[in-house]
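This briefing goes through one protein model, topic by topic.

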Amino acid sequence: MKLNSHSHLKNIFLAKCLCITSLMIADNHLTGQTITVGGSNWIVSVPSITEAGSNYAGTYESTSNIITLSGSLPGSFLNLLAGGAARVSMHYDAISWNNSLHLYAKRSGGTTNISGICLGCSATINGGTTYIEIPQAVDTTFFTINFIGVLGLGNSVSYSGVNVQLQISGVSVTIPATTYNAQIVFTIGPN
């Protein structure tokens with residue numbers, strides 16, 4: 001009996017480590033628009049369980065600015081939007097992963113700046129302020145950059161300071177104790 005109890009506790013004491021990295025990609029259909037990803041990898045430190053029958057908290061959050069997004073939308077791309085919006089999408093690529101784990105992201109902040117001659121122009125960042133689940137391999141919309149106005153010469157919109165916070169849920173003793181890794185991919189294109 002003592003051996004089985006010790007064996008069970010040994011499995012519980014094994015630490016679980018999750019490492020989330022980020023990557024940027026520009027949409028291949030059009031050229032010129034960019035998205036730059038800054039920040040650092042997120043390593044989730046899951047505390048050890050010290051008592052048999054206990055479970056992990058299950059949900060963990062990163063700092064509010066673990067990733068920062070910035071970039072630009074040139075006038076040629078803005079002309080194609082025709083007063084619409086650019087969409088920043090996201091998905092994750094599993095490196096070593098367990099499908100019981102779920103990733104989420106939300107944004108805070110972000111500013112836009114319009115350069116060049118532009119009549120009645122404005123650009124705003126919208127959406128993504130509550131957690132959105134990040135799917136595996138299939139893009140989902142994270143937020144949009146909406147643009148209105150009449151373009152003139154040398155126009156572009158730059159955006160910066162878009163802070164991203166990550167959340168992971170599903171952490172449990174029922175998931176094998178090992179290191180799990182995933183890479184978040186952000187893309188930008190027309191909405």
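Between which two strands is the loop that holds Ser 172? The loop runs between β12 (156-169) and β13 (179-190). The model is a predicted one. In it, the protein has 13 strands and two helices.

- The side chain of Ser 172 makes a polar contact of 3.1 Å with the side chain of Thr 174.
- Ala 137 belongs to another loop, the one between β10 (132-134) and β11 (140-151).
- Ala 137 is exposed, because its relative accessibility of 54% is over the 50% limit.
- The phi angle of Ala 137 is near 70°, which is a positive value in a residue other than glycine.
- Most residues other than glycine have a negative phi.

**Overall make-up**

- The protein has 191 residues, and 36% of them count as buried.
- Its accessible surface is about 9,600 Å², with 53% of that belonging to carbon and sulfur atoms.
- Among contacts with a separation of 6 or more, 85% are between residues 24 or more positions apart.

- Strand β5 covers residues 67-74 and has one covered and one uncovered face.
- Ile 67, Leu 69, Gly 71 and Leu 73 make up the covered face.
- Thr 68, Ser 70, Ser 72 and Pro 74 make up the uncovered face.
- β5 runs antiparallel to strand β2 (residues 34-39), and six bridges join the two.
- Thr 68, from the uncovered face of β5, stands opposite Gly 38.
- β5 is also joined to β12, by seven bridges, and this pairing is antiparallel as well.
- Leu 73, from the covered face of β5, has Val 157 in β12 as its bridge partner.

**Strand β6 and its partners**

- Strand β6 (residues 85-96) is joined to β11 by six bridges, and the two run antiparallel.
- Ser 89 has Thr 141 in β11 as its bridge partner.
- β6 also pairs with β13 in the antiparallel sense, over ten bridges.
- Val 88 stands opposite Ile 188 of β13.

- Trp 42 is in strand β3, which spans residues 42-45.
- The relative accessibility of Trp 42 is 7%, so this residue counts as buried.
- Between Trp 42 and Ile 67 there are 9.1 Å in space, C-alpha to C-alpha, and 25 residues in sequence.
- Ile 67 is one of the residues on the covered face of β5.
- Gln 167 is in strand β12, the strand that seven bridges join to β5.
- Gln 167 counts as buried because its relative accessibility is 14%, where the limit for buried is under 20%.
- Leaving out residues up to four places away in sequence, Gln 167 touches Trp 42, Thr 59, Tyr 60, Glu 61, His 102, Leu 103, Tyr 104 and Tyr 131.

**Aromatic rings**

- A pair of aromatic rings is described by the distance of the centres and the angle of the planes.
- The structure holds three aromatic pairs.
- Tyr 92 and Trp 97 are both buried.
- Phe 142 and Phe 143 form an edge-to-face pair, with 5.3 Å from centre to centre and 65° between the planes.
- Phe 142 and Phe 143 are also both buried.
- Ring pairs link Phe 186 with Phe 142 and Phe 143 into a cluster.
- Phe 143 has a further neighbour in Arg 107, whose charged end sits over the Phe 143 ring at 5.9 Å from its centre.

Notes:
Residues are numbered from 1 along each chain as its sequence is written. This is a predicted model: local features need pLDDT of at least 70, side-chain atom pairs count only at pLDDT 80 or more; totals for chains, interfaces and linings use all residues. Side-chain values use heavy atoms; hydrogens and water are left out. Rings of Phe, Tyr and Trp (its six-membered ring) pair if their centres lie within 6.5 Å; planes under 30 degrees apart count as stacked, over 60 as edge-to-face and the rest as tilted. Buried means under 20% relative accessible area, exposed over 50%, partly exposed in between (1.4 Å probe, protein chains only). A charge sits over a ring if NZ of Lys or CZ of Arg is within 6 Å of the ring centre and within 35 degrees of the ring normal. Helices (H or I, at least four residues) and strands (E, at least two) are DSSP runs, numbered from the N terminus. A polar contact is a pair of N or O atoms within 3.5 Å; within protein, one must be able to donate a hydrogen and the other to accept it, and residues adjacent in sequence count only if both atoms are side-chain atoms. Contact means heavy atoms within 4.5 Å. Accessible areas come from the Shrake-Rupley method with a 1.4 Å probe; for residues, only the protein chains shown count as cover. Two strands pair if DSSP finds at least two bridges between them.
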